[in-house]
Structures are given as C-alpha cells and as structure tokens.
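Please read them against the coordinates.

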Amino acid sequence: MAPLVFLLGLLMAGVVHAGEATTSRVSQPVIEAARGGACVADPAFMRRNHMTLLKHQRDDTLRGGMRTGAYSLKTCIDCHASKTTNSVAASDTNFCQSCHTYAAVKLDCFECHSNKPQVKP
Ligand code: HEC
Ligand code: HEC
Ligand code: HEC
C-alpha cells in the first residue's frame, strides 16, 4: 500500500505542475507566503524540523498540561493561513498542504484541529 500511495503522490505532483513553465526540470511545490512577522524559528530549520517540534509541543500539552508554547499549532495557523482561503489546508497551495501534497505526506491533524485562524486578522 505505501509504495502505491507514494507513486500516486509523484503522479499528482507531475499533474499539478504540468502546465507551468519551469526553469528547473525538477518541479517544486508552490507554497503561499506567510502573513508576516518572523517564524518561530529559522525557516530553513523549520522546513526540516517542524514535525518534531509540533509533536513535542503536543506531547507537552497532553501529558504535561502545558497550554502555552512557542510551537503551538494555533500560532502556526495564525501566520500561515492563506489570504484567499483563510486556511492552511483548503487547497494544494495552502501552506500546510503545499509540501505535503508534493511529498505525498498525508496529515490527519485537521480532522480535529481547525485549519483556520481563531480571529481573522
Ligand atoms: C483525534 C483528534 C486529534 C488529532 C487527529 C490530532 N490532534 Fe493534536 N490535539 C488534540 C487535542 C484534544 C489536543 C489538546 C487541546 C488543548 O489542550 O488545547 C491536541 C493538542 C495538540 C497540540 C498542543 C496544543 C496546540 O494548540 O499547539 C499540538 C501542537 C497538536 N495537538 C498537534 C497535532 C498535530 C501536528 C497533529 C497531526 C499530526 C494532531 N495534533 C492531530 C486532538 C487531536
Ligand atoms: C509570526 C508569524 C509566524 C508564525 C507564528 C509561524 N511562522 Fe512559519 N514562517 C513565517 C515566515 C515569515 C516564514 C518565511 C517564509 C514565508 O514568508 O512564507 C516562515 C517559514 C516557515 C517554514 C518554511 C517554509 C518554506 O518555504 O520552506 C515552515 C516549515 C514553517 N514556517 C512552519 C511553521 C510552523 C510549523 C509554525 C508553528 C509552530 C510556524 N511556522 C509559525 C512566519 C511564521
Ligand atoms: C517546506 C515544506 C513543508 C511545509 C510548508 C510544511 N510541511 Fe510538514 N512536512 C514536510 C515534509 C517533507 C514532511 C515529511 C518528512 C518526513 O517524512 O520525514 C512533513 C511532515 C510533517 C508531519 C509529520 C507527518 C507524520 O505522519 O509523521 C507533520 C505533523 C507536519 N509535517 C505538519 C505540518 C504543518 C502543521 C504544517 C503547516 C503549519 C506543515 N507541516 C508545513 C514539509 C512541509
């Protein structure tokens, strides 16, 4: 099953980028820009490590009862929600969806967590 899902992901990435004029032969994910401010850590670091940070924050909250943390999922969404859909995961260019579609990673987070900011800025 896993190899099939991976293959489908590759095929989808090919379809999504098929119409684009590219300078590189390797297609890149289209990622919408943040609303502003500075990320909770260096973006290059975040690109590699956000999954670990989010999981640690979740474990601290659920087991330790810690409600305020630098890596709260809500804060990510406040900055990274799309200006057009107001969501991080409503379309394939929306922030949390963009790379994951490209990399064929499927998240279940937004079945429970809201993908939209609490307050519309
Ligand atoms: C079955 C429902 C469910 C799913 C699926 C789920 N969560 Fe949660 N999560 C919760 C609940 C309930 C809490 C506790 C909420 C609170 O105390 O604020 C929580 C808390 C968190 C927190 C700490 C509080 C915060 O807002 O930062 C983080 C981070 C988090 N989850 C990340 C994730 C990520 C990342 C995923 C996907 C990989 C995920 N969760 C999937 C239910 C879920
Ligand atoms: C105060 C606003 C703000 C908050 C809060 C924030 N970010 Fe960011 N983030 C940014 C900015 C600005 C960038 C630089 C790229 C851009 O402009 O979109 C960035 C970059 C990133 C990148 C790299 C994207 C790329 O193009 O390679 C990742 C991954 C990321 N953030 C994840 C997160 C996660 C996960 C959280 C929550 C734990 C979070 N961010 C919280 C503003 C924020
Ligand atoms: C710059 C690209 C990029 C962006 C933007 C991005 N991710 Fe990821 N994410 C990845 C990649 C690539 C993986 C798979 C890493 C691996 O397999 O080790 C991943 C994996 C994850 C995982 C672990 C999934 C699992 O099943 O273990 C979580 C949780 C996650 N991302 C949450 C988020 C959230 C929430 C956002 C939006 C705030 C986000 N990501 C934005 C690239 C990105």
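1. Start with His113. An N or O atom in the His113 side chain lies 2.8 Å from a nitrogen atom of ligand 1. Keep in mind that this is a predicted model.

2. Two further polar contacts involve ligand oxygens. Ser72 places a polar side-chain atom 3.2 Å from an oxygen atom of ligand 1. For Lys74, the distance from a polar side-chain atom to an oxygen atom of ligand 1 is 3.4 Å.

3. Which elements give two or more residues to the shell around ligand 1? They are α2 (43-64), α3 (73-80) and α5 (109-112). Helix α2 supplies the largest share, five residues.

4. The shell around ligand 1 holds 13 residues. Those that come nearest are Arg67, Leu73, Cys109, Cys112 and His113. By class, the shell has five nonpolar, four polar and four charged residues.

5. On the pocket itself: ligand 1 takes up the space of the largest pocket.

6. Now the cysteines. How many disulfides does the model have? The count comes to zero. The cut-off applied is a pair of cysteine sulfur atoms within 2.5 Å. In general, a disulfide is a covalent bond between the sulfur atoms of two cysteines.

Definitions and conventions: Residues are numbered from 1 along each chain as its sequence is written. Chains are lettered from A and ligands numbered from 1 in the order in which they are written. This is a predicted model: local features need pLDDT of at least 70, side-chain atom pairs count only at pLDDT 80 or more; totals for chains, interfaces and linings use all residues. Side-chain values use heavy atoms; hydrogens and water are left out. A residue is near a molecule or strand if one of its heavy atoms lies within 4 Å of it. A polar contact is a pair of N or O atoms within 3.5 Å; within protein, one must be able to donate a hydrogen and the other to accept it, and residues adjacent in sequence count only if both atoms are side-chain atoms. On a 1 Å grid over the protein atoms alone, a cavity is a set of points where a 1.4 Å probe fits but cannot get out, and a pocket is an open set with protein on both sides within 12 Å along at least five of seven lines; lining residues have an atom within 4 Å of a point. A molecule sits in a cavity or pocket if more than half of its atoms lie within 2 Å of its grid points. Helices (H or I, at least four residues) and strands (E, at least two) are DSSP runs, numbered from the N terminus. Ala, Val, Leu, Ile, Met, Phe, Trp, Tyr, Cys and Pro count as nonpolar, Asp, Glu, Lys and Arg as charged, and the others, Gly among them, as polar.
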